[in-house]
Amino acid sequence: YHPDKNADDPVASDKFQEVTFSYSILSDPHKRRQYDTSGFEAIETDSQELELDLSSLNTVNTMFAAIFSKLGVPIKTTVSATVLEEALNGSIVVSQLQLGNPVRKKVEKQTAHFYSVDITEQEAKKGLVCRVHSTEKSKFKLLYFELEENGGLSLALQQEDSVKASKVSSAGMYFLGFPVYRFEQNNSAPAAKDPDSAFFKRLDSFQPCDINELKPGTHFFAVYGDNFFKSATYTIEIVCAESFPTEKEKLQSVEAKILTKRAELSKFETEYREVLAKFTEMTSKYTQEMQTIDELLNERNVIHASYTNNPPLKRTSSRNKSKSSPSFKFDEEKNQRKEKKVKDQHMEGCGSEDDDSSEKKTKERFPRKRWLNIPFKVDRRKPC
């Protein structure tokens, strides 16, 4: 049913999706436990994204998946079906590990190295830690298998992809005799769309591991190469938890606080939503009130502008003339009368005398008044 072999067959495409979905459940112990408990409904409501089996893709599709992963698109990969089938059939090579002795190896892409370790009853009570790291920052998965009756191995616990930190990538499994939790980071895409929901659901994936402690006997681990095209170089080591008494106490205390915080977060979300709705309502009202005030002030400014910006009324010429002409006409007539009186007096005195004597007599009879001779000394005792 693979699309590469059935490009134009819609029935095969639907079948392949069903097979992929079923395999994504069966290959993940957490999903498989959910299915065993509540069926498909628990898986569908859990919003689990599709996981790719890179070993089933051709070179072109693997290349595209690698490109999208480099661009930041979260692509979850699952353990190859071939690896799981070989482990279940018992056709695998298992290497023996000693407690406290690290082993450095290189695993090819989409393949796995299997290891076994024997622990005593005392070591089982103190706890066990399996840790893997890669100085080349290789991508890998750490797996735990259980022994089946037919001698094969079935996947019982899967550590999430190795995490890059500082100069190494690492992963670990902890069997400490008390519940240890696994935490899956949420994808960045949903968080970008709704940061609030992503925040309140951040601790939902904080779930207890299926196995808290190991019984005395032989146990099996595997390192799966999860790179797209190249092998993964790693170092694996299994140690007794007796060497980490302080870390055990701190881990138990911190995880208990996280559980408490997850319960508080649920209550806080209800309060936050109520306050946020009220805040949104008040913010909307604030915007409306601000807009109304701006409109009223603008309308007031327009009315004021109609008074100050309009040109002044023009006065008619007839009105101006009526106001200024009377006084001007009166002064002009007064001056004309004075000039006529002086002229008449002058004409009477001319007679038979010559021009010089007449002019002299005229000056004597009518001395020129000095109209600019203004007395500056005023007797203040006399009334004006």
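**Charged pairs and a charged patch**

Let's start with a pair of oppositely charged side chains: Glu-237 and Arg-131 form a salt bridge, and their closest N and O atoms sit 3.2 Å apart. Keep in mind as you look around that this is a predicted model. The two partners come from distant parts of the chain, with Glu-237 in strand 14 and Arg-131 in strand 6 (residues 128-134), 106 residues apart.

How many salt bridges does the structure hold? There are six of them, and another one to look up joins Lys-126 to Glu-242. Here the closest N and O atoms are 2.9 Å apart. Lys-126 belongs to helix 6 (residues 121-126), while Glu-242 sits in the loop between strand 14 (232-240) and helix 9 (245-308), so this pair ties together parts that are 116 residues apart in sequence. As for cover, Lys-126 is partly exposed, with a relative accessible area of 24%. Glu-242 is partly exposed too, at 48% relative accessibility.

Now follow the chain into helix 9, where you'll find both Glu-269 and Arg-273. These two residues form a salt bridge as well, and 3.6 Å separates their closest N and O atoms. Their positions are four residues apart, which is about one turn of the helix. Glu-269 is partly exposed, having a relative accessible area of 26%, and Arg-273 is also partly exposed, with 30%.

Which residues gather in a patch of negative charge on the surface? They are Asp-8, Asp-9, Asp-14 and Glu-18. Asp-9 has a relative accessible area of 31%, so it counts as partly exposed.

Definitions and conventions:
Residues are numbered from 1 along each chain as its sequence is written. This is a predicted model: local features need pLDDT of at least 70, side-chain atom pairs count only at pLDDT 80 or more; totals for chains, interfaces and linings use all residues. Side-chain values use heavy atoms; hydrogens and water are left out. Patches are made of residues with over 30% relative accessible area and no salt bridge: like charges are joined within 9 Å, nonpolar side chains (Val, Leu, Ile, Met, Phe, Trp, Tyr) within 5 Å. Accessible areas come from the Shrake-Rupley method with a 1.4 Å probe; for residues, only the protein chains shown count as cover. A salt bridge is a side-chain nitrogen of Lys or Arg within 4 Å of a carboxyl oxygen of Asp or Glu. Lys and Arg count as positive and Asp and Glu as negative; His and the chain ends are not counted. The place of a charge is taken as NZ of Lys, CZ of Arg, CG of Asp or CD of Glu. Buried means under 20% relative accessible area, exposed over 50%, partly exposed in between (1.4 Å probe, protein chains only). Helices (H or I, at least four residues) and strands (E, at least two) are DSSP runs, numbered from the N terminus.
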